[in-house]
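I opened this structure for a first look and kept notes as I went. The entries below follow the order in which I looked things up.

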Amino acid sequence: MSATLGRAAARLLEQRLSLTPITPLGTGLSPHSIAEGYAIQAALHPLLIDAGMGEMVGHKVGCTTPVMQAFVGINHPATGRVFDHSVMHGHGKVSRKRFVKIGIECEVAVRLAKDLLPRAEPYTREQVAEAVGEVMVGMELVDERYQDFHALGVPTLVADDFFNAGCVLGEPVRDWQGLDLAALQGRVWINGAEIATGYGELVMGHPLNALAWLANAQHEHGLPGLKAGEFVMLGSVVETKWLNAGDRVRIEVSGLGSVSLDMDD
């Protein structure tokens, strides 16, 4: 790891842990390309582990739908890692004070039964489907921990794991092959009121297209590959919904079940 990458990662870590809205990293440190963003992300990950986030156990794919690409202002997906101590199951409870600006997203998630290692030949949707052992409903927690993410630029968002702040995973469905993942409907309730719906086909035409993109991104960006046992959040079927202290959230994906989150003070 170069000294410049180390300084950039340390600067991100400082802002992220202090909940100081992230600003440009500074002359000579801010990444100018997606490739530089992923290089800083790789340098940041061991620092987050040392800071108590737990091991890396999953992946998130962001901006896989037109509505989320319009929100961020890019025309391609991006990926980050999910850490063990930020993963909850079934029902989650978090404090509003732990975040700068917390939101939730309604997603289909998968857990891998086989490795998908980097390779030059692109993976197809059918090939990555063979590596999927389980499918789950997933609520991604995102944190807009940026002073102005449009001004900050996508490479720095990539370096910072692209908004990820954890997730709530549902019960695994192991006989998922009979489900039409593109037709699954996601629904979001906040404080008992249904506020959003979307379908799996909004995720790149089919949720597993996002998994194929992620598998192929491993080679393109010099990433280490996807490992059996890891899970992947495949992207939100609705626009991010922002939360306030006291909010109670439930999301459901047809055929997969539901998960919930309580936002404490």
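Predicted model: local features only at pLDDT ≥ 70, side-chain atom pairs only at ≥ 80, totals over all residues.

**Entry 1: where H1 meets H2.** From H1, I listed Leu 5, Ala 8, Ala 9, Ala 10, Leu 12, Leu 13, Arg 16 and Leu 17. They meet Ala 39, Ile 40, Ala 43, Leu 44, Leu 47, Leu 48 and Ala 51 of H2. I then sorted the residues of this contact by type: 14 are nonpolar, none is polar and 1 is charged. Arg counts as charged, and Arg 16 is on the H1 list.

**Entry 2: the geometry of the pair.** I looked up the ranges next. H1 covers residues 3-18, and H2 covers residues 34-53. At what angle do H1 and H2 pack? I read about 50°, with the axes 8 Å apart. That makes H1 oblique to H2, because an angle has to be under 35 degrees to count as roughly parallel and 65 to 115 to count as roughly perpendicular. I also checked the hand. H1 passes H2 in a right-handed crossing.

**Entry 3: Leu 19.** I turned to the loop between H1 and H2, where Leu 19 has its place. Its phi is near 60°. That is a positive value in a residue other than glycine. I noted it since most residues other than glycine have a negative phi. Is Leu 19 buried, partly exposed or exposed? Its relative accessible area is 31%, so Leu 19 is partly exposed.

**Entry 4: Cys 63.** Here I found another positive phi. Cys 63 also has a value near 60°, and Cys 63 is not a glycine either. I located Cys 63 in the loop between strand S1 (56-62) and helix H3 (66-72). Its relative accessible area is 5%. The cut-off for buried is under 20%, so Cys 63 is buried.

**Entry 5: the whole chain.** How many helices and strands does the chain have? I counted 7 helices and 13 strands. Along its principal axes, the C-alpha trace spans about 50 × 50 × 30 Å. I compared the radius of gyration with the globule rule. For 265 residues, a compact globule would come near 18 Å; the chain has 17 Å, so the two agree. I looked at burial too: 54% of the 265 residues count as buried.

Note on methods: Residues numbered from 1 in each chain as written. Heavy atoms only, no water. Axes fitted to C-alpha atoms, helices over the stretch in contact; angles between N-to-C directions. Helix = DSSP H or I, 4+ residues; strand = E, 2+ residues; numbered from the N terminus. Parallel < 35°, antiparallel > 145°, perpendicular 65-115°, else oblique. Left-handed = near helix turned anticlockwise from the far one by under 90°. Contact = heavy atoms within 4.5 Å. Rg over C-alpha atoms; globule rule 2.2 N^0.38 Å. Buried < 20%, exposed > 50% of the residue type's maximum accessible area, 1.4 Å probe, protein only.
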